[in-house]
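Hello,

Here is the structure you were expecting, with notes on what turned up in it.

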Amino acid sequence: MSRIGIALDLGTSGFRGQALDLENKEIIATVLTARHPLPGANVMDHLNFAIELGLEIAHSIVIETVNQVIDYLQVPVNNIERLAVCGNPIQLSLFEGIEIRDLAYAGERKKKLMGIVPPNRDAKKLTAADIDGLKLPKKASVFIPAAVKHEIGADALAMMVKSNLLDCEEIALVTDYGTNAEMALKVGNRIITGSCAAGPALEGQHIEFGMLAAPGAVHDIEPEIVGFRCFVLSDEMMSVPGDLVDLTAPTVIEKGRARIAGITGTGVISIIHESKAANLIKLPEIKTPDKRLHLGKEVCFTEHDIVEAGKAIGAIRAGFITLAQEAGIELSDIKTAYMAGASGTYVNAVKALQVGLVPPGVQKIYQVGNTSLALARDIVFDPDKLWELQSLAQQLRTNHCMFGESQVFERAYLLELSLWGEGMPWEQYHRFSKMYKLPELIEPTKNPEVIRLYERDIPDLGYRGVSYIDRVGYTSKVTFPGCTGCGTCIEKCPEKALAFPDNNDISILIRPDRCNGTACKRCEVNCPEKIFKFSLISFLPETPISEQNNQAKT
Amino acid sequence: MPKFEKMAYASSDEMIFGTAKNPVKYGRDFTVGGGYVFPELVPHPRPGTEATKKTLVKEYEKMVTDVLDRCVAIGIPGIQIELEHVYQMTRNPDWGGEIAAETKRLQEEYYRKFGLKSAIRATIADYRKPDEEDIRNSVALENMLKTFETSAAGGADNLSIESVGGKEISDYTIVRQDIRGTLFGIGVLGSRDMEFMWKKVVEIANKYGATPGGDTNCAQANVAMFMAGGYQDRSVPHTFAALTRAIAAARTLVAYEQGAKGPTKDCGYEDVIIKAITGNPISMEGKTCACAHSDLLGNLVAACCDLWSNEAVEYHDMFGGTTVAVFTEILGYDVALMNTAIEMGHAKILKELMVQSDKYRDTHGFILCPENAYEIGKAIVSNNTSYYARARAAAIKAGELMLGDSNLQMSAFEKESLQSAMRTLESLPDKEEDFISECADIYKKLIPGFTLANYGL
């Protein structure tokens with residue numbers, strides 16, 4: 001096999017990697033991970049984990065998973081010459097193993113007090129030997145693109161460049177829909193960026209029957225004269241008509257062409273939109289006899305799921321309200337929206353607009369795919385791009401709006417949480433919004449023009465196709481002296497991350513990819529003997545991933 | 001097909017408790033709607049006593065004796081006792097017959113000894129299962145018809161039933177606030193099943209010289225009303241339950257078109273509308289049925305009643321005697337007050353007090369206050385081209401009345417639900433055949449076991 005390059009997108013909810021044939025300039029294969037390997041559901045959890053348990057541990061888990069991805073790409077490692085990564089600054093810093101605390105603390109004084117020196121986040125060309133644990137030939141090049149400013153990462157740059165936002169003359173907003181939603185608003189020559197922890201609901205996580213895009217996943221529903229038709233991903237990952245269901249009862253009206261296994265993030269948006277239109281959802285309640293919306297006999301959507309989805313949708317809406325306020329414009333001035341990321345590509349754009357994921361006054365919506373992986377791929381094929389992007393980054397007149405410090409965001413998000421989770425009526429929302437002098441949330445455009453640039457978020461999966469890593473990272477084991485083996489920690493874990501080992505050993509097995517991390521710690525809190533200590537868990541692998549028994553499907 | 005074309009009363013002002021245009025006389029010198037109100041007591045046997053015929057007959061004997069004794073003890077001049085069948089009484093026709101005969105024996109004894117006027121209503125249990133069997137040709141139907149006969153032969157003066165046609169549809173639609181399906185289940189299927197059933201009931205009543213009494217939409221409209229519940233409940237909107245009640249009126253009317261004479265069945269809250277159209281005497285229940293269920297029109301519903309009932313009370317001991325005796329006493333004093341108002345010429349004032357105490361308490365009382373009930377009745381008779389047309393018209397009229405009176409307070413939740421139902425009602429096809437064909441396609445898919453053949457379609 002000829003010379004090979006690796007493009008990596010380190011997303012908050014999972015990694016995506018591609019093997020590239022450098023001579024024929026073509027894509028060989030694609031690998032997706034089902035989850036992020038670090039405990040936690042968002043970047044703040046990841047940061048917190050790295051700070052509490054140590055950067056080295058977090059770095060080594062991330063690199064082990066990168067090795068796992070490369071392993072799954074099934075290319076001769078010795079032929080790999082280049083690797084380029086893209087992602088937000090936190091993920092890239094964890095990958096590189098450099099200081100991250102500057103990203104955790106916003107206040108300058110706090111940083112000074114703690115002796116934190118922000119590292120250089122300019123574009124870098126390293127070698128594999130510079131990255132501890134990375135199993136590539138030592139001389140292989142590793143490219144890390146520049147952050148625009150230290151808070152505005154390469155992923156935001158990728159989103160702006162690959163969506164063509166920079167060429168758009170109208171007021172436009174680009175959003176990368178993910179667990180951490182990046183957004184950039186362009187008004188004339190001015191660009192304001194922001195980034196909010198939307199949570200994982202739009203990736204299908206934290207939803208009772210949520211799942212990533214995989215065979216059996218419902219990604220859309222459409223009303224018919226009787227019932228609702230589920231659109232499901234087939235074994236070939238194509239959308240096919242699934243069962244015709246009665247959302248109000250656990251029955252199937254008519255069998256479809258594919259079984260239903262769960263709901264993707266885009267499915268969640270579709271269910272919310274269609275159920276609201278059919279008066280089956282009146283926030284925050286589901287108006288069916290058992291307060292559930294049924295997609296057949298096994299899969300359903302709950303009121304808890306509405307709250308989870310509302311957190312994500314609300315965070316994103318609060319995000320663009322904040323950016324509009326910052327730019328001194330009304331939401332109705334935003335005429336064009338670009339939707340990036342997997343969710344942004346697969347979602348029905350009109351439904352996304354109706355539920356609030358897109359600025360309400362847009363006339364045109366472009367669905368642009370995974371820009372982060374696309375940028376990494378550009379760099380692998382043409383390393384000079386790295387420096388072109390660096391100079392572009394320096395020229396950009398960008399301002400970053402820290403949502404965490406913005407009173408506008410705080411107020412807008414509070415209204416969103418009240419709307420989605422507490423049943424605040426719309427009139428009250430608008431009254432408060434007016435009182436807070438927020439940009440007015442107008443009625444969504446009825447028929448925007450939707451331009452879908454690619455059929456898939458990753459348009460070309462390569463001639464060998466795509467593989468999934470269901471089990472990301474490795475299981476670690478911990479023994480607490482004094483543990484009675486009562487199993488309370490296992491029972492209380494909301495993500496089923498804990499288990500007893502098969503032998504009768506009183507120790508606990510932990511899957512870090514499932515663990516909700518330091519923000520959860522229900523295992524520790526609920527331990528009746530008070531001997532479970534999250535901080536004592538060694539998340540370092542005893543044996544490398546490649547030697548562990550992984551479950552994956554191709 | 002619908003028969004009533006005009007109202008029995010010229011206006012709701014004419015309607016009053018104790019008097020009906022067509023009084024009914026039966027039993028032991030017992031006249032209903034002839035100028036005075038009488039109590040109707042419904043005793044319910046304790047669980048376990050239905051195990052054998054012997055224990056159940058004994059239970060009824062004790063209950064009926066307690067009721068009649070209390071009437072004599074406090075001077076109640078007359079009473080109707082309803083034998084509301086538990087399943088076993090209908091399933092075994094001879095049980096129903098024997099209990100009717102025993103009740104008659106006791107009533108005759110009290111009439112002879114004390115001059116206590118009395119009558120018996122036998123209400124047969126409709127235990128057909130529309131989603132599981134051919135309800136026009138089933139063992140259940142056969143038993144029910146036999147039990148009508150044995151009851152009439154045993155001495156029941158009034159034959160009634162709570163029929164369940166269309167319940168398989170309304171059970172699905174009410175909890176989902178699907179007004180189209182509710183209109184289909186009650187207004188169309190319910191009406192068609194009533195026509196089928198009541199032809200047979202009237203035939204049997206005539207054969208035995210009994211009076212065909214009436215039917216109630218207990219299985220459907222009362223389900224909606226109970227689920228709507230009190231002010232704190234939101235599982236079914238109160239406005240939706242009120243629309244269901246208006247539809248039920250168009251359906252319950254079918255019994256009287258087929259020859260039923262009344263007094264109507266007590267738990268049919270829609271009977272005020274029935275009285276306005278037919279002039280037949282009605283039996284009602286309100287505050288005195290709190291032993292069985294709560295409602296929000298405890299006084300108002302008595303405004304036009306001819307019998308005043310307690311719905312059902314299980315037989316137990318209380319400090320003041322057994323439950324059936326205690327409720328006989330409560331009903332007795334209630335009707336004594338009404339009859340005294342009649343005697344003293346203050347009936348209209350008492351009627352007005354009853355109405356005003358509940359008219360704006362809830363949507364159900366609002367649409368059933370005599371003036372609004374009368375308007376709904378007019379909508380029914382002036383749209384008598386089909387069962388569907390008149391049921392739909394009744395619902396639309398009820399909705400318009402609710403939206404048109406600013407004194408009726410509704411939460412945004414209630415109002416939105418009503419407006420949404422009204423939009424659906426307005427958008428439905430004009431012709432019954434179009435509506436049936438539209439609904440058949442939908443509900444055949446949604447409700448396993450639903451078949452049009454059960455309704456002669």
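Between the chains, 10 residues of chain A are in contact with eight of chain B (contact: C-beta atoms, placed from the backbone, within 7 Å). On the chain A side these are five nonpolar, four polar and one charged (nonpolar: Ala, Val, Leu, Ile, Met, Phe, Trp, Tyr, Cys and Pro; charged: Asp, Glu, Lys and Arg; polar: the others, Gly among them).

This is a predicted model, in which local features need pLDDT of at least 70 and side-chain atom pairs count only at pLDDT 80 or more, while totals for chains, interfaces and linings use all residues. Residues are numbered from 1 along each chain as its sequence is written, and chains are lettered from A and ligands numbered from 1 in the order in which they are written.

The largest nonpolar core has 311 residues, and A:I263 and B:A394 touch the most other members. Such a core is a set of buried Ala, Val, Leu, Ile, Met, Phe, Trp, Tyr and Cys residues joined through C-beta atoms within 7 Å (buried: 20 or more other C-beta atoms within 10 Å of a residue's own). Helix α8 (residues 238-257) of chain B gives the largest share, 13 residues (helices are DSSP runs of H or I, at least four residues; strands are runs of E, at least two; both are numbered from the N terminus). Beyond its neighbours within four places in sequence, B:A394 is in contact with residues including B:A246, B:I247 and B:I376.

Chain A also has an open five-stranded sheet with mixed pairing, in the order β13-β12-β11-β10-β14 (strands pair if DSSP finds at least two bridges between them). Strands β10 (residues 217-223) and β11 (residues 228-233) of chain A pair antiparallel over five bridges, and A:P223 stands opposite A:F228.

Regards

Definitions and conventions. Two residues are in contact if their C-beta atoms, placed from the backbone, lie within 7 Å. A residue is buried if 20 or more other C-beta atoms lie within 10 Å of its own, exposed if 12 or fewer, and partly exposed in between; C-beta atoms are placed from the backbone.
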